[in-house]
Amino acid sequence: MSTRRELMQQAMAAAFMAQVGGAAPPTGDTGWFDRPMRWVQLNLTEDDPANMDVGFWLDYFRRIHADATCLTAGGVVAFYPTRIPFHHRSQWLSGHESFYADLLAGCRKLNMVVVARTDPHATYQDVYDAHPDWIAVDADGRKRRHPDHPEMWMTCALGPYNFEFMTEVTREIVTLYDVGGVFSNRWTGTGVCYCEHCRKNFYNAHHMDLPRTSDPSDPSRRNYLVWHQQRLFELWRVWDDAIRKARPSARYIANSGGGALSGLDMKTVGELSPTLFADRQCRSGVMASWANGKNGKEYRAALGQKAIGGIFNVGIVAPYRWLNSFNTPAETRLWVLDGIANGLRPWVNHVSGTVHDKRGLKVIEDLYQWHYRAERYLRNEEPIARVAMVYSQQTAEFYGGSRARAKVEDHTLGMYQALIEARVPFEMVLDRLLGGEHINRYKMLLLPNIAALSDAQCEQLRDYVRQGGSLLATYETSLYDEWGTQRKDFGLADLFGVSFAARHQGPIQNAYFRVLKDTARAGVHPILKGLEDAEILIGGTWQLDVKPRETVEAPPLTWIPPITNLPMEKTYWTVKQTEIPGVYLRQVGKGRVVYFPWDIDRLYWEVMAQDHGILLRNAVDWATNEARPVTVIGLGMFDVTVWKQKRSMTIHLVNLTNPMAMRPNVHELIPSQPQQVAVRLPQGTRATKVQLLVAGGVVPAEQANGMVKLTVKSILDHEVIAIDLA
Ligand SMILES: [Zn+2]
């Protein structure tokens, strides 16, 4: 039972979430933010004032048509003659005091936007001695040394170091230098800080001690998650106010954001940011070549059509942080091109003004020069997609907790992979932005185990379906409220047509689905297209028992319960078929609802049984129930995106067909087979010219009934079909 105090705290936390979401987007954002298309960041190192060849870089910026740069100014090291006590001037600044001013002047002469970078996460022994309360403290009460550079100390992100000292630093930078804003890195701290300020401030806010657990159902942890964000957004506003007072055209831009696993509420991030930069510099571990584009979609879900930069590196910076290394051009190109195809404006991060390996410069030059030539067709107005996938930070935070990657993100990744293979253009949608103005443009929404949804969010989804929208949901979608507390029944039970009964112990091994022919219709259901000969499919590993709320006629799949898998002599089937549906398919008004009571998406990511990918593809097509805006037919794996510009539209085809598509690194590009493309033109328009922006030149295309059809003979890494419209 919750105590009255806990309930009040929960109500306060809910009020906070409602309140941060209710803030109006900042006005007057018509400044420089939409102008830059190609960024170069120089992450300066302390010796740069003496050792960097400024002329070389300015010449390079000009040659590659970079129109914006981010230059480190202060925080850990001041690259200018700061007057603020404890703000450490570079040891190489003496004799080079005008270094930052000269660099800035050179960039301004090239008409580049310049943003200053700060980093507040680490400081020195003299700060420790004079202001011990500025240092971060671990759970055992020890001040935290810097893990990689032990002579330095980690700072507390939520106390006076950031709120006072870094505000002074920020103000000094924008007062002295004509910059478009301040971009700060590593400004949110690392883990829970138990310093005196954090303990006191948290106690004052919630009348309890800081959490010692990562269990999100614990009231202290739950309140902490809310309070931590509130404090960071407060800091964000303090810095932004200080910047705008000193220089009205400049803004604070946080290095923050991302998908379900990112820590700061993306709705508020989207409201506070005039522009933002998606920081995923390269691949590591098991990560698909489309992951940069995914990041772009996730940011866009929160930022709408505000400009979004995609930060990349030409080296292998993860997981062991070889900051000055060189990756293959093939890998870097595919990574960046997939970002561009998904609306990101390229931003290369170069660590140090010294070039340790010139090979990377050529890769950037090739990409940026093409981008400059094609710029007219890369100034997108809006994506054309009819399908969107929901992501949910509250599901990751309060339902997933420390297992969010497996319980939440893996469902998303499997669904994403299935859509890529199906060549369906799609967007992502943030669960906190489910109002009609955000989702009514889509014909269908995908809910990959979006377990934690509030009553209000469920009502928004119900409204969406009432207006003709379709849904596809999996596993525990809507079975929990926004705080991760389980409901008696799904919040969307009426749409799914089923009620929750029980959860099977998982992971389930050796279970199946029987494929059923619908004899009344003399064939198979459309979701079994391509599986006409199949008799059984692999069953889910995590599955719910559900009770149908209505009669289910002729389900295309029924469950076969797990069969003993060892010893193999005992693996005979005692049950060959049941009446238990493996999928629920319903027409609801003009909309369609598909519900899988198992982890088809997560399992697809883990095992990649093709049958499951086909089922997902067919389910999306069945629920969407209309022709796709573009179809691309041919062999291979492509990321297909479609965009509208002022007087044109583009179709990006990124060729991900490669043995290294699912984990780094791509070593060689492999040209594709021909692809047949059919594009539906926006209502009331016709094509006046069709070009290939990579192969070059106008291509013959057939135009009839509002469609343009053409064949792209071969694609090495990407192609962009540009169609001028009248
Ligand atoms: Zn602290």
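In this predicted model, the 4 donor atoms around the zinc ion subtend angles of 104 to 116°, and the arrangement is therefore tetrahedral. For four tetrahedral donors the ideal angle at a metal is 109.5 degrees. The protein donors are the SG atoms of Cys156, Cys193, Cys195 and Cys198, lying 2.3 Å from the zinc ion. Along the chain, the donors follow the spacing C-x36-C-x1-C-x2-C. Of these cysteines, Cys193 and Cys198 are both buried.

Thr190 is placed in the loop between β6 and α7 (196–206). With a relative accessibility of 48%, Thr190 counts as partly exposed. Leaving aside neighbours within four places in sequence, Thr190 is in contact with Arg144 and Met154. The C-alpha atoms of Thr190 and Leu669 are separated by 38 Å, and these two residues are 479 residues apart along the chain.

**Aromatic rings**

A search of the whole structure finds 41 aromatic pairs. In one of them, the ring centres of Trp32 and Trp39 are 6.1 Å apart and the planes stand at 65°, so this pair is edge-to-face. Both tryptophans fall under the 20% limit for burial: Trp32 is buried at 12% relative accessibility, and Trp39 is buried with a relative accessible area of 3%. The rings of Tyr100 and Tyr177 also form an edge-to-face pair, because their centres are 5.3 Å apart and their planes lie at 70°. Tyr100 belongs to helix α4 (residues 99–109), whereas Tyr177 lies in the loop between α6 (160–176) and β6 (181–184), so the pair ties together parts that are 77 residues apart in sequence. Tyr100 and Tyr177 are both buried.

Ring pairs also link Trp32, Phe33, Trp39, Phe183, Phe277 and Trp347 into a cluster. Elsewhere, charged ends sit over aromatic rings. The charged end of Arg231 sits over the ring of Phe163, 4.2 Å from the ring centre. The charged end of Lys297 is placed over the ring of Phe426, at 4.4 Å from the ring centre.

Helix α13 (residues 393–400) is mostly covered, with 8 of its 8 residues buried. The buried residues are Gln393, Gln394, Thr395, Ala396, Glu397, Phe398, Tyr399 and Gly400. They pack against α8 (219–246), α9 (266–272), β12 (387–391), α14 (404–422), β13 (426–430) and α16 (455–466). Just after α13, Gly401 takes a positive phi of about 55°.

In soluble globular proteins, nonpolar side chains tend to be buried together. The largest nonpolar core here has 206 residues, and those with the most contacts inside it are Phe61, Leu445, Phe490 and Phe596. Helix α14 gives the most to this core, with 9 residues. Apart from this core lies another, of 22 residues, which includes Met649, Val690, Leu692 and Val708.

Phe490 has contacts beyond its neighbours within four places in sequence, among them Tyr475, Leu479, Val498, Leu544, Val546 and Tyr595. Ser478 is also in contact with Phe490. This serine lies in the loop between β15 (470–474) and α17 (493–496), and at 0% relative accessibility Ser478 counts as buried. Not counting residues up to four places away in sequence, Ser478 touches residues including Ile450, Cys458, Arg487, Asp489 and Phe496.

**Backbone features in loops**

| Feature | Residues | Angle |
|---|---|---|
| cis peptide bond | Ala318 to Pro319 | omega near 5° |
| cis peptide bond | Gly506 and Pro507 | omega about -5° |
| positive phi, residue other than glycine | Ala554 | phi near 45° |
| positive phi, residue other than glycine | Asn625 | phi near 55° |

Pro319 is found in the loop between β9 (308–312) and α11 (329–341). Pro507 has its place in the loop between β16 (498–503) and β17 (512–515). Ala554 lies in the loop between β19 (544–548) and β20 (557–560), and is partly exposed, with a relative accessible area of 41%. Asn625 is in the loop between α19 (610–624) and β23 (630–633), and at 43% relative accessibility Asn625 counts as partly exposed.

Notes:
Residues are numbered from 1 along each chain as its sequence is written. This is a predicted model: local features need pLDDT of at least 70, side-chain atom pairs count only at pLDDT 80 or more; totals for chains, interfaces and linings use all residues. Side-chain values use heavy atoms; hydrogens and water are left out. Rings of Phe, Tyr and Trp (its six-membered ring) pair if their centres lie within 6.5 Å; planes under 30 degrees apart count as stacked, over 60 as edge-to-face and the rest as tilted. Buried means under 20% relative accessible area, exposed over 50%, partly exposed in between (1.4 Å probe, protein chains only). Helices (H or I, at least four residues) and strands (E, at least two) are DSSP runs, numbered from the N terminus. A charge sits over a ring if NZ of Lys or CZ of Arg is within 6 Å of the ring centre and within 35 degrees of the ring normal. Donors are N, O and S atoms within 2.8 Å of the metal (3.2 Å for Na, K and Ca); water is not among the atoms, so sites may look incomplete. Four donors count as tetrahedral if all angles lie between 85 and 135 degrees; four count as square planar and six as octahedral if opposite donors are over 155 degrees apart and all others between 65 and 115; anything else is irregular. Contact means heavy atoms within 4.5 Å. A nonpolar core is a set of buried Ala, Val, Leu, Ile, Met, Phe, Trp, Tyr and Cys residues joined through side-chain atoms within 4.5 Å.
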